[in-house]
Structure formats: structure tokens, C-alpha cells
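Hello,

Here is the structure I said I would pass on. Please look through it before reading my notes below.

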Amino acid sequence: MEENGREFLKNLCNLFIAALLAVLPLYTGGTYYHLGDTKYLLFRNISLVCLAMWAAVGALVLVGNTWKKSGAAGQKRRYSPVDFCMAAYGIAVLISFLFSAYRQTAWAGYRDWYMGALSQLLFVWIYFFVSRNYDGAAFPVYLGEAALFAVALTGLLNRLEIDPFGLLEPYGAGDWEYGHMLSTVGNINWLCGYFSVSLAFPLTGFLYGKKGVKSVLLYIVSAAGLLLLIFQGSDGGVALAAVGMGLALFMGRKKPEMFGRGILLGAGTCLLIPVMAALVAVRGSEKTIPADGNTYEMICWRGWWLVGLLLLLLWLFMKKAERKWRNIFIKIFLGLAALGALTGAGFYLVGMDRGDDWGTGRGGLWRLAWEGFLRADGRQKFIGAGPDCFAEYIYGILPAHEIINPIGHWAEAVFANAHNEWLNHLVNLGILGTMAYLSIFIFAVFRYRQMPLGIFVLVMYGIYSLVSFQQTVSTPLLFLILGICESRLRLYLDRENRPVYNLS
């Protein structure tokens, strides 16, 4: 009975992973209208069904696993630091919900966002469910990578005014949705959040995998994802692409072959940018690119050809040079790349609007979030206003409409979060919840430091969280990937009974 239960939970876990990685990003219900609701309901329902089945079948298995001896080592299976951090975060969410003055919102979440206590607790459950039941099956990951490529390809076709699923048919060139809703994920901000986690799979697969057909396919998927991040229309996505490439090169600094793969990926992406820009010009589809930014000017920069060819030459040098010269070259290249990135970021930040208009209004939102936190009493500072209760609290105590005056498409909008995940948590979950959430990232970096998949997702999601927020198409995948990393590490330690030094 116990063995059958284990096998059932493994199969259920594989199907659940496949649903989140492949079905969730592609399912739209045939329209962009209330797409966020559509995807959230799919996520919630799938998760609750799996949770119910896990509870019904897995109680005996979980009890048996708690103190089960592991293999020949004869040691008790221990809980990891990440386990404790996840549990602490779930407890903080529950406390914040129970003492919230906005109990209904705190449980279900603010309308159109749904990041209340129910979702937060499902995120924590995802980690524990996957970390205890994932058996290393490859097919859910392959399906997820295929879905990522489908999302990227559809988005690139959208930028050429090709709409394979008819999602843009109700909108014209003058509508906000025409440039800001993309592929099967929707809002370009959501799209970037999705890529901040899902892109970790093909990137690590290409950089660390063996040569062959699979490596070529992963190269194509990775390049397509990076290319769409350049063309999607927000500065955050461009920065995310740069972080992904920079991280790939940094992690390969001690392995010339892997560093060379990173160079090759950068070369291919840079050479594809002017090709895609030329296709946009030929089709006259410039209006599909948001006008409230400098994306079109950036992609039309003629220097992409030069950068791409230069990187291609450097890749050839890496293949032919002796190991000593390759190591010297890597250090010089990384130093110059870091200097260039810091210089570019400095010029970008200096050129941005100041005050409340900084970051397309994020300056005002961040100021409101901080002021709201400071105005709270001691108890609320510690446990927060309640999960996803940012708007309920901030708009109730501060003249938010006077400070943030949306225009155009967002004229009637209410900002339901701070557009900074950490400030948002500080208001919603207080110091207790924010520190518990931060501890997940800190301890996960140390525990999964030899696992490229974990490092990629923690860094990319963590950096993008500074200008974004929790979303249905990204945050569940963060907890899912951490669960995958924990599962692989636990299995490795159980079998080998020794630390992991090189686990990709």
C-alpha cells in the first residue's frame, strides 16, 4: 500500500509540474479579456485538486518518510534550512491573515491579482509537494521548455503583426493592448516575470548539457527567449536578458568550454536582433512595439551586427587558444563586461525621471509603500496589513490618487501593489513575513549553490522582483523550481551520503 502510494504521488507530481510549466503559460481561454483571472483560476484549481489527492493518498507516506532511514547510511532524513524558511513564511502568512482588518481580501487576494493567503500557502505547498515527490522525470521539463519556445515564437510573431491565435483581433493599432499584450502570457510585465523563472531551464540545459541535437534545440529556445525579452517593450525585460547573459558568463568563468557556450549564445542573440528589426521594418509593424519607451530605437541600433560578429570571433578564439590564454581572456572579458554594464546602468539611471515619476511611476509607489509602512502601528509593522492588502490599506490612509494619477489605459486603475516585491511584502506581511521570504532566497542560494538551475532562477527572479510583483505565471514556478532543486539534492545526498560539489 505504501509503495503504491509513493508511486501514485510521483506520477501526480510529474503531471502537476507539467501542468504548471506547459499548460499554465499557454492556456488563454481564447481571449486576453480577464486573462489574469483565467490563468489564476487554472492554477488554483489544478493546485487544489492535487492538494486534495495528496492529502488523501499521501498521509501514510509522509508519516513514514519523516523518520525513515536513508539507504545504507542509516541516517534519519533531516529537514533542510530551506524547509524551515518555507514553513516560517507560511506561518507568517497565516498570522498576517488572521490579524488582518481586511480579512476577505487577505484570504482570496485583491481583485485581478489574487495573491492573498490562499495563493501564498499554495506556493509553500508546491515546494513541499515537489521536493518530496519529484523523481527526476525529464518529460515535465521538456514540455516546459517546449511551451517556453511556443510563447517566445508567438510573441515574436506578434511583433510582426502575425497573430496565430487571434488574441489581438479585437484590438487595433491605437489600442493599448495592441503593443502591451503579447503571446499567450499577456501583459509584457507578466511576460518578463514568466521568463525570469522559465528561462532558467533552457539556459542551464544548454550551458551544462552534452553536445548534440538536444544542445542545439536548447540553444534555439534560449536565444528565442532572450530575443523576445529584447523586443517585448519594457526596460525591465531588457535588463533581465542582460542579467541572464551575464550570469551565464559569470558561472562559466572557471570552465572555458561553458564560457564559450555563453559567448556563442550572446553572439547568436545579438545577430538575431537586427534580423528581427529588419523584419519589423519590412512588414511595417513598428506600431506593435510600445511607444512609451525607447525599445524601437534600441533594436534599430546598427552596432548589434558588430557586437554579434565580435562575439563570434571571440568564440572561435576560445576554441583554438591554449587553456592559459583562454583563462586570461575570460578574466579580461568579464572585467570589461562588468565595467560596461555598470557604466550603461549608470547612464540609464541618470537619464530617468526623478521623484514620483521615476520608473514610470514606481518612485511614487515606492514612496507611498514606505510611508504606509511607517504610519502603521507596531503590531502592523511586524505582521503587516494582510496578504495582498496593499491597496486596501494604502488607499485608505494616504491620498494615493493625488500622488499617482494614471492616464490613458490606466486612468481608472487602482495600484494593488508597490511594483517592488519587497516593499509590497513589507506593507502586506510586515517585518516578520518579509524576513521569512528573504530567508528563503538567502538559504536557498547557499544550499543550491552547486545547482545552476537554482542559482539562475533565484538571481533572475530576485532581480526582477525589485521592479515587479508576484504573478500567477511566475511565482508558482519559483517555488516549483526550488522544490525540484531540493528534491534532486535530497536524492543525491541520500544515495551518495556526501556533499554536492558539481550537480547541474
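Predicted model: local features only at pLDDT ≥ 70, side-chain atom pairs only at ≥ 80, totals over all residues.

Residues are numbered from 1 along each chain as its sequence is written, and side-chain values use heavy atoms, leaving out hydrogens and water.

Helices here are DSSP runs (H or I, at least four residues), numbered from the N terminus. Helix α8 covers residues 188-198 and helix α10 residues 213-231; their axes come within 11 Å and cross at roughly 150 degrees. The axes are lines fitted to C-alpha atoms over the stretch in contact, with angles from 0 to 180 degrees between N-to-C directions. The two helices are therefore roughly antiparallel (an angle over 145 degrees).

In the contact (heavy atoms within 4.5 Å), Leu-191, Cys-192 and Phe-195 of α8 meet Gly-225, Leu-228 and Leu-229 of α10.

How many residues of α8 are buried? The count is 11 of 11, where buried means under 20% relative accessible area (1.4 Å probe, protein chains only). Where α8 starts, a side-chain oxygen of Asn-187 comes to within 2.8 Å of the backbone nitrogen of Asn-189.

Now the loops. Tyr-114, between α4 and α5, is not a glycine, yet has a positive phi of about 60 degrees. Tyr-114 is buried, at a relative accessible area of 19%. Asp-388, in the loop between α17 and α18, is not a glycine either and has a positive phi of about 65 degrees. Asp-388 is buried, at 5% relative accessibility.

Regards

Methods:
Parallel < 35°, antiparallel > 145°, perpendicular 65-115°, else oblique. Buried < 20%, exposed > 50% of the residue type's maximum accessible area, 1.4 Å probe, protein only. Polar contact = N/O pair within 3.5 Å; in protein donor to acceptor, adjacent residues only side chain to side chain.
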